[in-house]
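Thanks, everyone. Have a look at it first.

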Amino acid sequence: MKIRQRVGLIMMFLFLPINGPLWRMVLEIFGYSVKMDEVSFFVLFISLFLIGAILIFFPDLRQNRVRKAD
């Protein structure tokens with residue numbers, strides 16, 4: 001498993017939409033106030049979750065290039 005895929009897997013676990021309220025509670029415990037409403041916070045988590053999925057499942061484009069013989 002490549003580093004890119006590991007980062008994507010970690011992102012998918014951390015930013016599962018069900019973890020949103022947990023993140024909000026943890027941030028409030030440490031004294032950070034989240035200034036976002038619930039819908040935009042949910043959209044943020046979905047976006048980060050999808051970025052993680054893209055990192056895992058999309059192929060590495062550099063490996064698939066055909067090199068020209070000089």
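Start with the ring cluster. Ring pairs tie Phe15, Trp23, Phe41 and Phe45 together. Keep in mind that this is a predicted model.

How many aromatic pairs does the count come to? Four. I'll take two of them in turn.

One is Phe15 with Phe45. This pair is edge-to-face, with 5.4 Å from centre to centre and 75° between the planes. It links distant parts of the chain, as the partners are 30 residues apart. Phe15 sits in the loop between helix H1, residues 3-14, and helix H2, residues 20-29. Phe45 belongs to helix H3, residues 38-57.

Buried or exposed: which is Phe15? Buried, because its relative accessible area is 17% and the cut-off is under 20%. Phe45 is buried as well, at 4%.

Next, Phe41 with Phe45. Here the arrangement is tilted: 5.0 Å between centres, and 45° between planes. Both residues are in helix H3, four residues apart, so about one helical turn separates them. Phe41 also counts as buried, with 7% relative accessibility.

Phe41 has a charged neighbour too. Arg24 lies over the face of the Phe41 ring, 4.3 Å from the ring centre.

Back to Phe45. What does it touch, once neighbours within four places in sequence are set aside? Leu14, Phe15, Leu16, Asn19, Gly20 and Trp23.

Now the core. The largest nonpolar core has five residues. Phe15, Phe41 and Phe45 are among them, and Met11 and Val34 complete the set. As background, nonpolar side chains tend to be buried together in soluble globular proteins.

Let's zoom out to the whole chain. There are three helices and zero strands. From the N terminus, the order is simply α-α-α.

How much of the chain is buried? Of its 70 residues, 21% count as buried. The accessible surface comes to about 6000 Å². Carbon and sulfur atoms account for 71% of that surface.

Last, contact range. Take the contacts between residues at least 6 apart in sequence. Of those, 71% join residues at least 24 apart.

Key. Residues numbered from 1 in each chain as written. Predicted model: local features only at pLDDT ≥ 70, side-chain atom pairs only at ≥ 80, totals over all residues. Heavy atoms only, no water. Core = buried A, V, L, I, M, F, W, Y, C linked by side-chain atoms within 4.5 Å. Buried < 20%, exposed > 50% of the residue type's maximum accessible area, 1.4 Å probe, protein only. Contact = heavy atoms within 4.5 Å. Helix = DSSP H or I, 4+ residues; strand = E, 2+ residues; numbered from the N terminus. Areas by Shrake-Rupley, 256 points an atom, 1.4 Å probe, with all protein chains shown as cover. Phe/Tyr/Trp six-rings, centres within 6.5 Å; stacked < 30°, edge-to-face > 60°. Lys NZ or Arg CZ within 6 Å of the ring centre and 35° of its normal.
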